[in-house]
Amino acid sequence: MSDLIITHVDLDGVCSAAMAKRYLKSDPFVVFASPRRLDAVLRRTREGHERIVITDLSLNHDISEAVAAEVQRLASSGSKVTWVDHHSWNPDDVEKLSKLCELTVENSPSAASLFFRKYMNDDDVSKKIAEIGDDADTNTNALPNTLAYKYGTWELKNRLLLLDSFTRGEFEGDFIKKWQEEVKLQEEDSERLVSQLSPLTSNTGKKYAVIDVRGRKAQGTYAAKLAAQKLDLDFAAVIYSCRSISFYRGIRDVNLLPLAERHGGGGHAYACGASLRPSLYERILCFLSRRYKTKEMKRIIQELNSI
């Protein structure tokens, strides 16, 4: 029977999956997913896998019953299900899933470093992978290749390339050098974009900015961090698409997670995202105009003023 890994689409998800592959010591099939659609991914998962590892995916409470039912189905068919996550969970969901699988939910800078401490703390390659996961998921970006790695996660083929490279313990390569060149272009455009921003002030006196990177080379996490430093921001909202807005803490302590959760998303208090559901008509308008804002986008921007 084959093994299966289900992980998040971001760099921490790639790091966690690479570590899980080293842990399993097999050639598992890897599926990238988002928390909001985890129930659908599990419904499509066939029975018969010997081991299933889920990493860097929180359990959204509104789909917890559906997810629990699928985990129970898979476990009952003989699969050993292991789930490692570092996000905030509803306590009832932790209790429920703990009865169905080997569940680890703990606060950690990244899911990768949590997986390392739990299962791989005697593996030097996994230690390096965990350091990359921490650097990426806290948006510190202090390691020389982190932004290049992040660039690679935006396309599935590059994500898989990076996953296989990390699994082998290889952290350099010609493809990473090419990504670094793209990152330089992203940084230059991010700097131009930030120079054009005017900070806003919320009703509670917090300074923030709305950064729209649609149709640009600007990199969202880099632009948000740069804007916070240059404009003394408490937080920033980054519009990636008509379906995605992310929120990043600035130079002071702000909990942004409740806003993301109100709009079908999740993450951390310091970095999280909303998952939007535009209508067909709105999706068409977004396609025709990259600056079009859907009704839900406008509501979120209004809510920023209350943080």
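Predicted model: local features only at pLDDT ≥ 70, side-chain atom pairs only at ≥ 80, totals over all residues.
User: Which residues touch the most other members of the largest nonpolar core?
Analyst: Leu11, Met19, Phe115, Tyr149, Phe166 and Ile211 do, in a core of 53 residues. The largest share of this core, eight residues, is supplied by helix H1 (residues 11-24). A nonpolar core is a set of buried Ala, Val, Leu, Ile, Met, Phe, Trp, Tyr and Cys residues joined through side-chain atoms within 4.5 Å. Buried means under 20% relative accessible area, exposed over 50%, and partly exposed in between (1.4 Å probe, protein chains only). Helices (H or I, at least four residues) and strands (E, at least two) are DSSP runs, numbered from the N terminus.

User: What does Ile211 touch?
Analyst: Leaving aside residues up to four places away in sequence, Ile211 touches Leu193, Leu197, Ala223, Ala224, Ala227, Ala236, Ala237, Val238 and Ile239; contact means heavy atoms within 4.5 Å. A second, separate core has 21 residues, including Ile54, Val71, Leu74 and Trp83.

User: Turning to cysteines, how many disulfides are there?
Analyst: The count is one disulfide, defined as a pair of cysteine sulfur atoms within 2.5 Å. Cys242 and Cys286 form the disulfide, with their sulfur atoms 1.4 Å apart. The link of Cys242 and Cys286 is left-handed, with -90° about the S-S bond.

User: Where do the two partners, Cys242 and Cys286, lie?
Analyst: Cys242 is in the loop between strand E8 (235-241) and strand E9 (244-249), and Cys286 is in helix H12 (residues 280-288), so the pair links distant parts of the chain, 44 residues apart. Both Cys242 and Cys286 are buried.

User: Is Cys15 buried or exposed?
Analyst: Cys15 counts as buried because its relative accessibility is 0%.

User: How many salt bridges are there?
Analyst: There are 19 salt bridges, each a side-chain nitrogen of Lys or Arg within 4 Å of a carboxyl oxygen of Asp or Glu. In one of them, Arg51 pairs with Asp3, the closest N and O atoms being 2.7 Å apart. Arg51 lies in strand E3 and Asp3 in the segment before strand E1 (4-8), so the pair ties together parts that are 48 residues apart in sequence. Arg51 is partly exposed at 24% relative accessibility, whereas Asp3 is buried at 6%.

User: Which residue pairs with Asp212?
Analyst: Asp212 forms a salt bridge with Arg291, the closest N and O atoms being 3.5 Å apart. Asp212 is in strand E7 and Arg291 in the loop between H12 and helix H13 (295-304), 79 residues apart.

User: Which residues are linked in a network of salt bridges?
Analyst: Glu47, Glu70 and Arg73 are linked in such a network.

User: A backbone point: what is phi of Asp56?
Analyst: Phi of Asp56 is near 55°, a positive value in a residue other than glycine. Most residues other than glycine have a negative phi. Asp56 sits in the loop between strand E3 (51-55) and helix H3 (64-76), and Asp56 is buried, with a relative accessible area of 1%.

Terms used: Residues numbered from 1 in each chain as written. Heavy atoms only, no water.
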